[in-house]
Amino acid sequence: MTLRALRAVVGARLRAERRSLVFSCAGAAIVGFVQPHGITAITDPLTADVATRSVWLAGPMFFCSTIGIAIALMQGPGRHAFLDTTERSAPLFGRELARAKALAPVLSATLATLVYWAAQFLSGFAAPPTFFLLAIACVLASTLVALNATVTAGVARAGALACAAATIVVAYVLAVYADAYSTKSGDAVGVATELVVCAIIGFVALRQYGELLARYDPLT
Amino acid sequence: MHILRFRDAAYVRGAQTIVAPSNLDLAPGDHMTRACSSAPEAEALAMMAAALARATSGTVTIGEFDPRVQPVHCKRIAAFVPHDPLPLSQIDAARYVAYRAALWDIDPAVARSRAQRLREQLEGMHEAFAYPILGALLPLPQLLVLDRPHPAFVPQILAAASDCAVLVVETTVQS
C-alpha cells in the first residue's frame with residue numbers, strides 16, 4: 001500500500017467523521033475540566049500514591065477510551081457506504097486496509113485524549129506526562145479492539161465490545177497498581193508493564209481486524 | 001479466454017438462496033446484460049463478479065484468478081459501479097477523483113486528464129451518477145460491473161467503456 005493511498009483513506013475517513021471528531025474533542029474538554037481530581041488526606045505514601053493514580057487516571061482512561069470505542073464503531077459499514085464500497089473494491093489486502101481504516105479512529109481518539117489532558121492542565125490539575133502516556137496506550141488498545149466489532153455481528157460483535165471494555169479495565173488496573181507497587185524499582189516497571197500489555201493487545205487486535213476485513217462479506 | 005466466468009456460482013445466506021447456481025462467460029471487450037428477479041440477487045451477482053463478495057458454492061474466475069484465493073489480483077482487473085449514486089453532500093467530485101486515483105495509485109495529472117475525458121463522454125449525466133462510473137474507469141479496468149444502472153445511461157456508459165468488458169446486472173422488477 002502506498003503512502004498516498006494510506007493518506008487518502010485516512011483523510012477521507014477523518015473528513016467524513018469530522019463532526020464526530022469535534023464532538024469528541026468538545027466532550028473531552030468538558031469532562032477534563034469538570035472531572036474531580038482531589039483526594040482525601042492520606043498519610044500512608046503508598047495508599048496516597050494509589051489513590052492519586054486511581055483518581056487522576058480514571059477520567060482519561062475510561063472516558064477517552066469510550067470515545068475511542070465510539071469512534072471505532074462509526075467506521076462500521078453503512079454509515080459511509082460509498083467509502084466502504086470504494087475501499088473494498090480497491091486492490092488492497094485486508095491487512096493494508098485494516099491499517100489505513102484503523103488509523104483514522106486512532107488519530108481521532110489520540111486528539112481527544114490530548115484535548116482532555118490539555119483541559120486537565122488548564123483546570124490546574126495537570127497530570128504528569130507519564131499519566132498521559134498510560135492513558136493514550138489504553139485508549140489506542142481499546143479502540144483497536146473495538147474496530148473488530150464493526151465487521152462482526154451477533155455474539156462475535158458483543159464479544160469484541162466486551163474485550164474492548166476488558167482492555168480498559170486491565171490497562172487501568174495495571175496503570176494504577178503495577179505503577180504504585182513498583183516504587184522500589186522505579187515507575188518505569190509499572191509504566192512499561194501497562195504499555196507492553198496495551199501494545200500486545202493493540203497489535204493482536206489490528207491483526208485480527210485485518211483478517212476479518214479480508215474475510216468480510218458485505219452482503220451479510 | 002474469458003475475463004469473467006461463473007460455473008454453478010451461487011450465493012446462499014443461511015437457508016435463503018440469494019443467487020441460484022448460475023453460469024456466465026464474458027469475453028474481453030464484450031458486453032452482457034444479466035437480468036435478476038430481485039435487487040438482493042442483482043447486488044450479490046454484481047459483487048461476486050467484481051470480487052467483492054465470494055460465491056458460497058461453485059466457482060468464479062476473473063481473468064485467470066479466483067477471487068477466493070487472489071482477491072487483490074481480481075480487483076486490479078474488475079471495477080465495480082454500485083447502484084447508489086455518489087453522495088455529493090459528503091464528497092465533491094474533484095476530491096472523489098483524487099481519492100480514487102490515490103487508492104489505485106494513478107498519477108494525479110493522468111487521473112485528472114482521464115477524468116476530464118470521461119466526463120465529456122458522460123456529458124449530460126448528473127455528477128452523482130457520472131462520477132462513480134468515471135471513478136471505476138480511471139484505472140483502465142478490463143472488466144466493468146454495473147450494479148443496476150439507470151437504464152437511460154447504459155448506452156452512454158457502454159460507449160465510454162468501449163475498451164473493456166462490461167457486465168450490466170439489472171432487475172426485472174422495480175426495486
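Modeller: Strands here are DSSP runs of E with at least two residues, helices are runs of H or I with at least four, and both are numbered from the N terminus. Keep in mind that this is a predicted model, where local features need pLDDT of at least 70, side-chain atom pairs count only at pLDDT 80 or more, and totals for chains, interfaces and linings use all residues. Residues are numbered from 1 along each chain as its sequence is written, and chains are lettered from A in the order in which they are written.

Now the sheet. In chain B, three strands make an open, antiparallel sheet, ordered β2-β1-β4. The edges belong to β2 (16-26) and β4 (57-62) of chain B; each has a single partner strand, so one side of each has no neighbour in the sheet. On average, neighbouring strands are turned by 25° against each other, direction ignored. That angle is taken between axes, which are lines fitted to C-alpha atoms (for helices, over the stretch in contact), and angles run from 0 to 180 degrees between N-to-C directions.

Look next at β1 (residues 4-13) of chain B: seven bridges tie this strand to β2(B), running antiparallel. Along that pair, B:Val12 sits opposite B:Thr17 of β2(B). Packed on the sheet is helix α1 (residues 39-49) of chain B, which touches β1, β2 and β4 of chain B and makes about 45° with the direction of β2(B). Touching means contact here: C-beta atoms, placed from the backbone, within 7 Å.

Methods
Two strands pair if DSSP finds at least two bridges between them. Two residues are in contact if their C-beta atoms, placed from the backbone, lie within 7 Å.
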